[in-house]
Every structure is written in structure tokens, then in C-alpha cells.
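Please keep the sequence and the model in view while reading.

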Amino acid sequence: MNNTIIEFRAFNFVKQRKRLRLLWKNKMDKINRNILHILQSEGRISFSELAKRVHLSAPAVAERVKRLEEESVITGYTATIDSHNMGLPITAMVQARVFIGKEPQILAFMKERLEVVEGYNVTGERAFIMKVAADSIKVLEGFLEDLSIMAESNTMMILSSVTRKPLTI
């Protein structure tokens, strides 16, 4: 391939990214960003209260929220639960280095096990990270033992939560 074709492709890629960024920026005006910021911290807010805060009518806010949901910008609404107060005082992050051919099994394991609160497929040698909650060290130990037939693991106990904040928009 000659340099002209490579330069042309690189130029088109940059041009396309700028166009996509401009489209996204137009879609995400200041009002939509304000709506998202408020919904992240107050997911149960009424449309009428949300409308007052962003200085629009309730039907206009409802339409914007509906559009954000349809475009999968808003993917759901959830309650934040304190695992300690739910009787699950043991929380840990578990990194897993999956044995060859065991990836389908570990994916099913992560979805099926109640102890797994969050699971991520990540880059690097340890391909999966799980946030695990348990009611005792014995339960965590059993979880890790079951995991050991599919992956080598590294476990870090969570002592406290330092920060949890909404996505900055």
C-alpha cells in the first residue's frame, strides 16, 4: 500500500470521528446533560420536578428522557443497596486468569453465582474482574474454591468505599 492511500484513510478516519463527535455534541445539549446528571443521583425524580430544574415543561422532559432511553444512553434505573446492611459484610474484588478453554464456563459461573455483584471482562493477563459479596469468609472461600477449577484468582478484600459518583457529563 502506498503512503497516499494510508494518508487518505487516516484523514477519512479523523474526519469521521470529528463528524460523530459533532453529532453526539448536538444530541447531548446542555439540557440533556443536566437531565442525565440529575437522573444519575435522583433516579426516582418526577418529570414535573425534573422539568422545573431544567426549565422545560414536563412533556418536553418526558420526550427527552424517552429519546435518551431509546438511544440507550439511559439503560435503566436502579436502587443503590448497602450490602453490609443486607447481611453481606464481606466484599471483595476477585481477578481471574482463566484457564485455556474455560472462558464459556467462567462467563456462566459469573452470571449464575449470587455472590457476584458485578463482573467485567478486562484487558490484561487477568481477563475478568468480579465484585463479590458474601455473608462470611467461609462462603467467600467456597466461592473461590469453585472458581479455582476454571481460573487462577487473586482476591482483594474491600475495606471501605472511597468514592462512588455519577458519570460526569
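Two strands pair if DSSP finds at least two bridges between them. Helices (H or I, at least four residues) and strands (E, at least two) are DSSP runs, numbered from the N terminus. The model is predicted, and its local features need pLDDT of at least 70, side-chain atom pairs count only at pLDDT 80 or more, and totals for chains, interfaces and linings use all residues. Residues are numbered from 1 along each chain as its sequence is written, and side-chain values use heavy atoms, with hydrogens and water left out.

Four strands make up an open sheet with antiparallel pairing, in the order β2-β3-β1-β4. At its edges stand β2 and β4 (151-157), each of which pairs on one side only. From one strand to the next the twist averages 20 degrees; axes are lines fitted to C-alpha atoms, for helices over the stretch in contact, and angles run from 0 to 180 degrees between N-to-C directions.

The order can be followed from strand to strand. Strand β2 (residues 116-121) is joined to strand β3 (residues 128-134) by five bridges in the antiparallel sense. Within this pair, Glu118 has Lys131 of β3 as its bridge partner, and Tyr120 has Ile129 of β3. Six residues lie between the strands of this hairpin, where Gly124 takes a positive phi near 105 degrees. On passing to the next pair, one finds β1 and β3 running antiparallel and joined by seven bridges. Here Met93 stands opposite Lys131 in β3. Seven bridges also link β1 with β4 in the antiparallel sense, and Ala96 has Ser153 of β4 as its bridge partner.

A helix accompanies the sheet. Helix α5 (residues 103-112) lies across β1, β2, β3 and β4, and runs at about 35 degrees to β3.

Other helices pack against one another. Two packed helices are described by the angle between their axes and the distance between the axes. For helix α2 (residues 30-41) and helix α4 (residues 58-70), the axes come within 11 Å and cross at roughly 80 degrees. The two helices are therefore roughly perpendicular to each other; angles under 35 degrees count as roughly parallel, over 145 as roughly antiparallel, 65 to 115 as roughly perpendicular and the rest as oblique. Their contact (heavy atoms within 4.5 Å) is made by Ile31, Asn32, Ile35, Leu36 and Leu39 of α2 and by Arg64, Val65 and Leu68 of α4.

Helix α4 also meets helix α3 (residues 47-54): the axes come within 8 Å and cross at roughly 100 degrees. That makes α3 roughly perpendicular to α4. The contact involves Phe47, Ser48, Leu50, Ala51 and Val54 of α3, together with Ala58, Val61, Ala62 and Val65 of α4.

The account ends with the largest pocket. A pocket is found on a 1 Å grid over the protein atoms alone, as an open set of points where a 1.4 Å probe fits, with protein on both sides within 12 Å along at least five of seven lines; lining residues have an atom within 4 Å of a point. The lining of the largest pocket has 39 residues, of which Thr78, Ala79, Thr80, Glu118 and Arg164 lie nearest its centre. The elements that give two or more residues to this lining are α2, β1 (90-98), β2 and β3. The largest share, five residues, comes from α2.
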